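Open the structure in your viewer and show the side chains. The stops below are given in the order to select them.

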Amino acid sequence: MQQANSLNRLNRLPISRFHKITLLAVSFAYFFEFADINSFATTAPKLIKLWGVTVDQVAYVTSLSFVGMFFGAIVASGLADRWGRKRALLWTTLWFGVFSFAAVFSWDVGSLGVFRVLTSAGLSAMTVVAVIYVNELYPATSRGKYQAYAIVIGICGTPVTNLIASAVVPINDWSWRLVYLWGALGVLLVFFTRHLKESPRWHESRGDHAKADEILREIEERVAAEKGPLPEPEPPVEEAPVTKAPLRLLLQKKYLMPTLLLTVVWVTQTIGFFGYSSWAPTLLSKEGFSVEKSVFYVALTTVGAPLGSYLAAVVTDRFERKWCLVAFGSVIALCGLLYGLTFNPVLIVVFGFLVNLFERGYTALGYAYSPELFDTRARSLGTGVSYGLGRLSNAAGPLIVAALYNGSGYQSVFLFIAGTWLVGAVVLALFGPRTRPGRVRAGTAEPKTGTPIRG
């Protein structure tokens, strides 16, 4: 046994320039993740006219992209454990940037579909790594807020991209390719690399306490130079090095319930959100709105996304995250339903704005909530598997949406979407553990089964 104290040493640090630079880097990666994630949705209406793409083909490309997200999330958990959080963040961002750039040169819907699947794998992988990275570098009492702040900045990529798409897609028959070129700019994260520190908690989990201590001393010196003398940390605890976490680890009782719960959370979030965001431009254009108007209306609704993430930052460390998620999910269900019941352009923008506002707040809360349900050994694996299964579920989501639209019409799609959000809210209300900071003192032994693991 060796003494582990990274958690306690990080928890007593005041927020400093070090934390803000880390936040900026993660936010940059998030920005181009959110910029790229809806690229196909914003270009699909143009491709329907240009290439004769059908609604079913849009569904298949969107569906397969979520299969890519599943594999990306699963692989990311292994990469983060093997390479470290910092290196995995860099390489997963480079991956999605390179394949977004490749999509610029697509010659038909098949080639574009392949590039979107590979891009989506990188997007999902980067998200998993970023969630873990923020969780392990920020103090427990404020990590939720800074996770949300990263989303506040990052989510701006969605409205910016939609507005760019609304401007460039109609120009001519090739200008839609510029949307994918824009998404590829995430590769510029390499310029942040030298400012980032590897997670000392990752080094410590591998038994490399000397390296963890070296990084901690560098961080502490930088923080103390800016903020003054630091308080003494809590005493270290005895901890064995963490071995590679096999998939069967999640079948253990203390990990199985959090994994199942988070799988439901991310399944309903994925189907609910992407059922809305991936399809709104296409369905509006199918209902008689011009391509230009449908993309523009959706672009206006996404302006609510950064405000939602900021709202999450305000409430996440002040109120119980579980109940915030329940409240946000319930509001999304209501607003999404009202969105589908109107064809008034003003109301479409208003209800769409509210859906985006509360959904992005929900996502920011979920990113903070998920890794808190696992200890260091299972954090990467549990977060990656539950998030990946959520993304995999939407392999069926677009096919369901297409079938509902073709069989029952526009409004049935939004009844289905509202229902998925409501299911997630009810399951969280009934089974979600509470994780408000302070319920489990940092550095203590793991809590009993069924309670959150704060370490």
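Are Phe328 and Phe358 buried or exposed? Select both: Phe328 is buried, and Phe358 is buried as well. Keep in mind throughout that this is a predicted model.

**The wider search**

Across the whole structure, a search finds 19 aromatic pairs. For one of them, select Trp95 and Phe99: the ring centres are 4.9 Å apart and the planes meet at 50°, so this pair is tilted. An angle over 60 degrees would be needed for edge-to-face, and one under 30 for stacked. Now colour helix α5, residues 85–103. Trp95 and Phe99 are four residues apart in this helix, which puts about one helical turn between them. Trp95 has a relative accessibility of 40%, so Trp95 counts as partly exposed.

**Back to the buried pair**

Return to Phe328 and Phe358. Their ring centres are 5.3 Å apart with the planes at 80°, so the pair is edge-to-face. Colour helix α16 (residues 321–340) to find Phe328, then helix α17 (residues 345–372) to find Phe358. The pair therefore ties together parts that are 30 residues apart in sequence.

**A cluster of rings**

Next select Tyr30, Phe34, Trp266, Tyr367 and Tyr387. Ring pairs link these residues into a cluster.

Finally, switch to a surface view and select Phe101, Phe105, Trp174, Leu178 and Leu181. Together they make a nonpolar surface patch of about 500 Å². Where is Trp174 found? Look in the loop between α8 (157–168) and α9 (177–183).

Conventions: Residues numbered from 1 in each chain as written. Predicted model: local features only at pLDDT ≥ 70, side-chain atom pairs only at ≥ 80, totals over all residues. Heavy atoms only, no water. Phe/Tyr/Trp six-rings, centres within 6.5 Å; stacked < 30°, edge-to-face > 60°. Helix = DSSP H or I, 4+ residues; strand = E, 2+ residues; numbered from the N terminus. Buried < 20%, exposed > 50% of the residue type's maximum accessible area, 1.4 Å probe, protein only. Patch = residues over 30% accessible without salt bridge, like charges linked within 9 Å, V, L, I, M, F, W, Y side chains within 5 Å. Areas by Shrake-Rupley, 256 points an atom, 1.4 Å probe, with all protein chains shown as cover. Salt bridge = Lys/Arg side-chain N within 4 Å of Asp/Glu carboxyl O.
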